[in-house]
Amino acid sequence: AGGPRCGASLHEQNKALRIELNANANCAWQIQRNTNQTVRLVFSHFKFAPSSSCETESIKIYDGPSTNSPLLGQVCNDTDAVPVLQSSSDSLTFIITTNSVAFTRNFFVFYYYFSPETRLENCGGQLTGPNGTFTSPNYPAAYPAFTYCVWHIQTAKNSKIKLQFQDLFLELDKNCQFDFAAVYDGLTTNTGLIGKVCGVAQPKFESSSNVMTVALFTDYANSYRGFSAQYTSVPLPGPVEPDTLLTCSSDTMKIVLSKSYLASLGYKETDLQLRDPSCSPVITNSVIFSFPLASCGTTKKDDGQSITYTNIISLSPTGNIITRQKSVQIIAKCKMENNSTLEVIYVTKSNIVQNTTAVGRYNVSMSFYDSDSFSKPIHQSPYYVDLNQTLFAQVSLHSTDPNLSVFVDTCIASPQPDFGSLTYDLIRSGCNKDDTVVTYPPLEHYGRFKFNAFRFLQRSPSVYLQCDILICDSKNANSRCTEGCISRQKRAISSYMWKTKTVVGPIRLKRNLRSAHNSESLAKADAEDTPNPQQYSFYTLSFVVLISNIIIVVAVILKYHKRQAGYGYQKIPNS
C-alpha cells in the first residue's frame, strides 16, 4: 500500500492507499481507466481530528473524473458506517479536506474495477424467516478476492434479532482494514454500524428492532475460510410503540412520557431537556413537561392557513464523555386550524419516525357586559333587557400566546338555539349589517361590539347570538384580522386561518319577565271562577228534568186536542 501524500491520478485495476494528512489539507485523488467496468471504493479505516464536523473536515466522493461531477457521498468524523461507494462509469474522484487543528489524520482506502453484471453465488440476499443461517461464499473453503456481499435480515414486527457468528476466520488486522464483516442495526449500510470484525472469533450482535444488515468485504490477498452465522428473532421487551401523550390547549402544551418508554430507548428521566433547558419536567411515575405555548423555546410558524407551535425534547446521556447511543429527539407540535387543534408528537431515532395524533379546540367564550367598560359581565340567564336597550358583547380568547388577535367575522341572531331557517345578520364578513351595531378596535385577545335589543315579529320570547370568530397571528400585517369589512368577491380570495363559533343567549324582553311573574296569580284566579265537577253534575240533572216535564205537558195537550177533534168527524155505521 502507498501513494502520494496529497492527491494523485490513479489508473491501476486496483490499489490500496494508506494516507496521512495534517492540518489545512485539501487533496484530490482521481481514479480513471479506459474500460467498460465501474469502480468500487472502500474507506475501511478513517480517523479525523477529534471534535471535527462535516463542515470543517470531510471526504467528498464524486461520480466522475472531477469535483464538478455529481456528489456520490460524504464521509465525516460522525459517519456511522464503513463507506462503500460505487461509480456509474469508469471514473471516480475523492477529495479530503482538513481543518486547522494540529493532528495526524489516517485513512485506508481501497478501490478496484469490476463488472456489475457478474454475480457471485451465495453472496448476500434477503433473509425473512424467524431464524436462519448463512455463510460467506465458498465456505468452508477460502472466500474469493474482491468480494462484497450484503445480507438483509428482517423478522416479524415487535421483535429483535440476535446474530451469532458460529465460525469466523478473516484476515487479521487491528483496524480490520483488509477483510472484514460489518454488522448494521437496520436495513441499510449507510448508518447504524454495530460492529466490524475480522481475525478468528465467534462474535455476537443484537439489533434494536426487527431488521439487521451484514456486509462482507475482501481485498485481493490472504483469503481464509470466511464465516458461518446464525440468527434468531426474539420478542421485544417493553413498549414497542411510543408510550407518549401530547395535550394542546389555547394556554399550554403538555407532554407526558412514561419511564418504561424512555428505558426502551436506552435513556432515563434525567437525560431529557427541552429547547430551553431551564424548563424542567415534573417526575412522578411519568416524566411531565407542561409549559405555556409561547415559552420554553417553543417556535411558532404561520403558513397562512394554520399556525403551528413546535418544541423538541432532546435525549442525551448525562455524565458521559462519549456515547454509542443513537441521538433521539421527541418533537411535539400543536397545529391550530379549522375550529380545532391538531396535536402531533413523533420520535426520531436515526431514520425511524413514529407518530401519534389527537384533537383539541381553542378556548373561546362570549359574554354580555353592563357597559362599554367591559368590566362587569352579565351572569344571569336568560338576560332580560328593555326593547332598544344597548347591549355590550365581548368575545374572549383564553391563551397564553401574546401574539394572537381576535376578529369578529360574522354574528347572526335567531329565536331558536339551533339557529334554524329564521336568522338575522348583525355582522357579516366583518361588515355591520344592522344600523345599531358598533364594533370596537381589536384589543389583544378580545373582540367587542354593541347593538340595540330587538324582538322578532313572530313574538318569539328569546333571541340567541352565534358568532364566527377568527384568530390570527398579530405579527402578520396581512392577516384576515387586519382587513376589516370585506366584500363577498374579495372574501373568496382572502385567506383566514383559525375559525371557531361561539353562542350566547337567550335574551328576553323585560315585559316577558313581568308576564312570567304574573302567570301564577292569573292561573289562580281562573281556578276560582271554574265550577267543580259536582256543580257541573247538578246543573245538568236539573236541566234534563226541566226538559222532560216540558215534553210530557206538550204530549198531554196534543193527545187531548186530537181526541176532541175525532169526535166531530166520526163516521156512523150503516144499520
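The legends below describe close-up views of a predicted model, covering its nonpolar cores, disulfides and aromatic groups.

**View A. The largest nonpolar core of the predicted model, with 52 residues.**
The residues with the most contacts inside this core are Met253, Ile255, Ile313, Leu315 and Phe451. The core draws at least three residues from each of domain 3 (244–339 + 351–360) and domain 4 (363–485 + 497–509). Leaving aside residues up to four places away in sequence, isoleucine 313 touches Ile255, Leu257, Leu272, Gln273, Leu274, Phe289, Val328, Gln329 and Ile330. A second, separate core has 38 residues, including Ile153, Ala181, Met212 and Phe217. In soluble globular proteins, nonpolar side chains tend to be buried together.

**View B. The disulfide between cysteine 54 and cysteine 76, one of seven in the structure.**
The sulfur atoms of cysteine 54 and cysteine 76 are joined at an S to S distance of 2.1 Å, and the disulfide is right-handed because the torsion about its S-S bond is about 125 degrees. Cysteine 54 belongs to the loop between β4 (38–47) and β5 (58–62), while cysteine 76 belongs to the loop between β6 (71–75) and β7 (84–86), so the pair ties together parts that are 22 residues apart in sequence. Cysteine 54 is partly exposed, its relative accessible area being 26%, whereas cysteine 76 is buried, with a value of 3%.

**View C. The disulfide between cysteine 176 and cysteine 198.**
Here the sulfur atoms lie 2.2 Å apart, and the link is left-handed, with -80 degrees about the S-S bond.

**View D. The disulfide between cysteine 411 and cysteine 467.**
The two sulfur atoms are 1.8 Å apart, and the link of cysteine 411 and cysteine 467 is right-handed, with 105 degrees about the S-S bond. Cysteine 411 lies in strand β33 (residues 404–414) and cysteine 467 in strand β38 (residues 463–473), so the pair ties together parts that are 56 residues apart in sequence. Cysteine 411 is buried at a relative accessible area of 0%, and cysteine 467 is likewise buried at 0%.

**View E. An aromatic cluster that includes tyrosine 112 and phenylalanine 146.**
The cluster is formed by Phe110, Tyr112, Phe114, Phe146, Phe180, Phe217 and Tyr220, in a structure that holds 24 aromatic pairs. Tyrosine 112 and phenylalanine 146 make a tilted pair, with 4.9 Å from centre to centre and 35 degrees between the planes. Tyrosine 112 lies in strand β9 (residues 105–114) and phenylalanine 146 in the loop between β11 (131–135) and β12 (148–154), so the pair ties together parts that are 34 residues apart in sequence. Tyrosine 112 counts as buried at 2% relative accessibility, whereas phenylalanine 146 is partly exposed, with a relative accessible area of 31%. Lysine 196 lies over the face of phenylalanine 180, at 5.3 Å from the ring centre.

**View F. The aromatic pair of phenylalanine 449 and phenylalanine 451.**
These two rings are stacked, 6.2 Å centre to centre and with 20 degrees between the planes, and both phenylalanine 449 and phenylalanine 451 are buried. Phe451 is also among the residues with the most contacts inside the largest nonpolar core. Arginine 448 lies over the face of tyrosine 446, at 5.5 Å from the ring centre.

Key
Residues numbered from 1 in each chain as written. Predicted model: local features only at pLDDT ≥ 70, side-chain atom pairs only at ≥ 80, totals over all residues. Heavy atoms only, no water. Core = buried A, V, L, I, M, F, W, Y, C linked by side-chain atoms within 4.5 Å. Buried < 20%, exposed > 50% of the residue type's maximum accessible area, 1.4 Å probe, protein only. Domains from an automatic or database assignment. Contact = heavy atoms within 4.5 Å. Disulfide = S-S within 2.5 Å. Helix = DSSP H or I, 4+ residues; strand = E, 2+ residues; numbered from the N terminus. Phe/Tyr/Trp six-rings, centres within 6.5 Å; stacked < 30°, edge-to-face > 60°. Lys NZ or Arg CZ within 6 Å of the ring centre and 35° of its normal.
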